[in-house]
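Let's take a friendly walk through the charged side chains of a protein. Have the sequence and the 3D view ready, and look for each residue as you read.

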Amino acid sequence: MRKYLTMLFFLSFSTLMSCVQNDEQDYGGEWIGHLPNKKSFNFKVTLEKLESNNYHLTIANDQILVDKNLESTSSDYLKFNIGQQLFFNLKNDQNGQALTGFVKTGKLLYHIHLPNVGNEVFAGAWNPFMLDNGLQSDDVMLYVEHTDEGNLMAYPFFGDQRFRGAWSSDFKKNGNILLFRDLMTGFKFRAKLLEHAIELEILLADALITKTSLTHTEDGWEYRSEPVDQTQNTDTPVELNDGWMTANINDYGIDQSKLLEVISSIHAKKLVNTHSILIAKENKLVFETYFDGFNATIPHDLRSGSKSISSAMIGIAINDKIIKSVDERLYDFLPANYQYTKDSLKSKIRIKDLLTMSSGLDVNNLASEDYYQHPSNPNTWLRTVLEAPMVKEPGTFADYGSANPFLLGVCLNERLQKPLEIYMDEELFSPLGITNYINQTDDSEITPYFGGGMLLTPRDLLKFGQLYLNKGQWNGTQIIPEDWVEESFGKYGRLQDVKDKNEYGYLWWHDTYEINGKHIESIEARGAGGQFIFIIPALESVVVITSGNFRNRKGNQPRDILKEFLLPAMLH
């Protein structure tokens with residue numbers, strides 16, 4: 001009898017708990033599903049000129065997402081927005097053959113080009129996920145968790161590892177609907193919490209892009225991918241009408257066997273997550289190869305590799321007399337409402353100190369990127385950095401920290417009479433013939449972030465390196481002053497908080513590689529995960545390597561590739 005009552009109690013308790021769980025599901029853990037169309041994030045943008053400043057805009061994937069008549073708020077540019085979430089700032093080229101400029105969602109400023117297809121209609125592609133050929137995987141996973149305060153948060157992950165990922169924020173729960181937003185792309189997510197499923201919708205300015213049904217899993221998630229058919233070889237690279245002339249490695253005595261060896265090592269997974277390798281020799285593109293579904297037209301996340309682009313913009317601004325010199329002081333640029341952070345040491349910080357990572361700010365702690373960008377930080381990035389303590393006299397000690405170039409961007413932006421991204425495009429990217437790129441903003445979601453995060457194609461990144469090797473010239477046009485290139489390549493101190501204590505220029509690294517008894521000097525742009533430009537003056541060469549080693553401590557693998565394969569091939 002006692003056994004029977006115990007069993008009855010257990011069954012009743014289990015039934016009661018089951019009812020409670022059904023009524024108050026916690027939804028925590030991993031939920032997986034599949035996207036119905038892997039090209040959902042490849043958009044076609046069409047603008048039709050109407051009367052006066054009015055235009056008809058459509059944005060479509062396999063269906064029309066946005067279909068609106070809009071009036072430009074500017075007579076000089078095409079400027080309009082949709083719901084404070086989608087912003088356009090475009091201009092006609094001189095002969096009316098295209099509209100170029102930016103579309104902004106979230107923190108990303110996408111540079112787009114819309115050719116005139118006739119009758120005042122302009123149409124072109126926009127790929128918010130940066131992928132020109134659709135996703136390789138239709139897998140999508142949602143990780144759901146509860147905060148200590150009892151709130152619900154959800155983080156989406158996509159199976160295609162080429163996409164840099166979503167940064168969820170702005171969580172709001174209304175009944176069984178959880179709303180949130182990706183800070184990067186600006187996409188909205190709407191998750192409907194059902195008894196045995198989550199219905200997930202992804203939206204652009206309230207227009208449904210795609211949706212799927214997710215089921216809970218206890219088995220973990222491994223994405224399935226359909227690999228892109230790619231061949232890697234040492235043939236002469238294809239000319240793409242992008243400014244690059246191409247040639248064969250045999251014309252320059254480059255050892256084919258070493259290049260084939262690096263390709264084999266990547267296929268054998270001895271060298272992991274390498275996405276591209278490009279070599280320019282004597283102003284010609286002579287070697288170009290891509291892996292893991294990347295190609296010549298997909299912009300790659302540069303992380304801190306774009307700090308060197310920030311340096312270039314400071315040189316251009318000095319040449320344009322927007323900034324007087326590298327000896328100007330930081331606080332001469334800052335708005336009045338930030339002057340309260342000035343003290344006897346901070347008042348001495350010069351533009352030059354920011355360029356050489358020697359501001360003296362506490363860049364490894366209270367002015368570190370991890371700190372000022374952390375979601376829990378209630379203050380603006382700029383306030384956080386400026387309120388951080390000084391740990392050294394400016395100009396005396398170099399510690400690597402993104403706060404320094406971040407402040408450079410703030411300084412330049414304060415002096416400009418036009419948006420910083422437009423100035424960058426007019427003065428640097430357009431003269432280089434660079435049209436397919438993305439600029440990431442800071443926390444204002446307005447101003448480009450000079451601390452890193454731009455996306456360029458590897459070919460265009462190679463152009464930027466060649467520009468510096470050619471003392472500021474590209475195809476005969478002087479884009480950056482020659483004396484700025486010389487200054488930028490100076491050696492102003494050693495970075496004290498990095499393993500090799502590298503000598504450092506104006507946001508450019510110095511390194512030396514010993515190959516068969518020869519010492520080869522390289523000036524480098526470096527970004528987390530393995531994004532490198534190697535400028536090698538002695539060999540009249542530029543090398544670009546992009547990678548995806550963000551969480552495995554193999555971010556310096558490109559240096560091994562250069563030393564073990566590429567330099568021996570070029571010194572053959």
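Here is a short briefing on salt bridges and a charged surface patch. Keep in mind that this is a predicted model. The structure holds 27 salt bridges, and a few of them are described below.

- Lys-38 pairs with Glu-226 in a salt bridge, and their closest N and O atoms are 2.9 Å apart.
- Lys-38 sits in the loop between β1 (29-34) and β2 (43-49), while Glu-226 sits in the loop between β16 (207-217) and β17 (245-246), so the pair ties together parts that are 188 residues apart in sequence.
- Lys-38 is partly exposed, at 21% relative accessible area, whereas Glu-226 is exposed, at 53%.

- Glu-387 and Arg-383 form a salt bridge with the closest N and O atoms 3.0 Å apart.
- Both residues belong to helix α6 (residues 381-387), where they are four residues apart, about one turn of the helix.
- Glu-387 is partly exposed at 37% relative accessibility, and Arg-383 is partly exposed at 35%.

**Another pair and a network**
- In the salt bridge between Glu-426 and Lys-418, the closest N and O atoms are 2.7 Å apart.
- Glu-426 counts as partly exposed at 24% relative accessibility, and Lys-418 counts as partly exposed at 34%.
- A network of salt bridges links Asp-500, Asp-511, Glu-524, Arg-526 and Arg-559.

**A negative patch**
- Glu-482, Asp-483, Glu-486 and Glu-487 form a negative surface patch.
- Asp-483 is part of helix α10 (residues 482-488), and Asp-483 is exposed, with a relative accessible area of 52%.

Technical notes: Residues are numbered from 1 along each chain as its sequence is written. This is a predicted model: local features need pLDDT of at least 70, side-chain atom pairs count only at pLDDT 80 or more; totals for chains, interfaces and linings use all residues. Side-chain values use heavy atoms; hydrogens and water are left out. Patches are made of residues with over 30% relative accessible area and no salt bridge: like charges are joined within 9 Å, nonpolar side chains (Val, Leu, Ile, Met, Phe, Trp, Tyr) within 5 Å. Accessible areas come from the Shrake-Rupley method with a 1.4 Å probe; for residues, only the protein chains shown count as cover. A salt bridge is a side-chain nitrogen of Lys or Arg within 4 Å of a carboxyl oxygen of Asp or Glu. Lys and Arg count as positive and Asp and Glu as negative; His and the chain ends are not counted. The place of a charge is taken as NZ of Lys, CZ of Arg, CG of Asp or CD of Glu. Helices (H or I, at least four residues) and strands (E, at least two) are DSSP runs, numbered from the N terminus. Buried means under 20% relative accessible area, exposed over 50%, partly exposed in between (1.4 Å probe, protein chains only).
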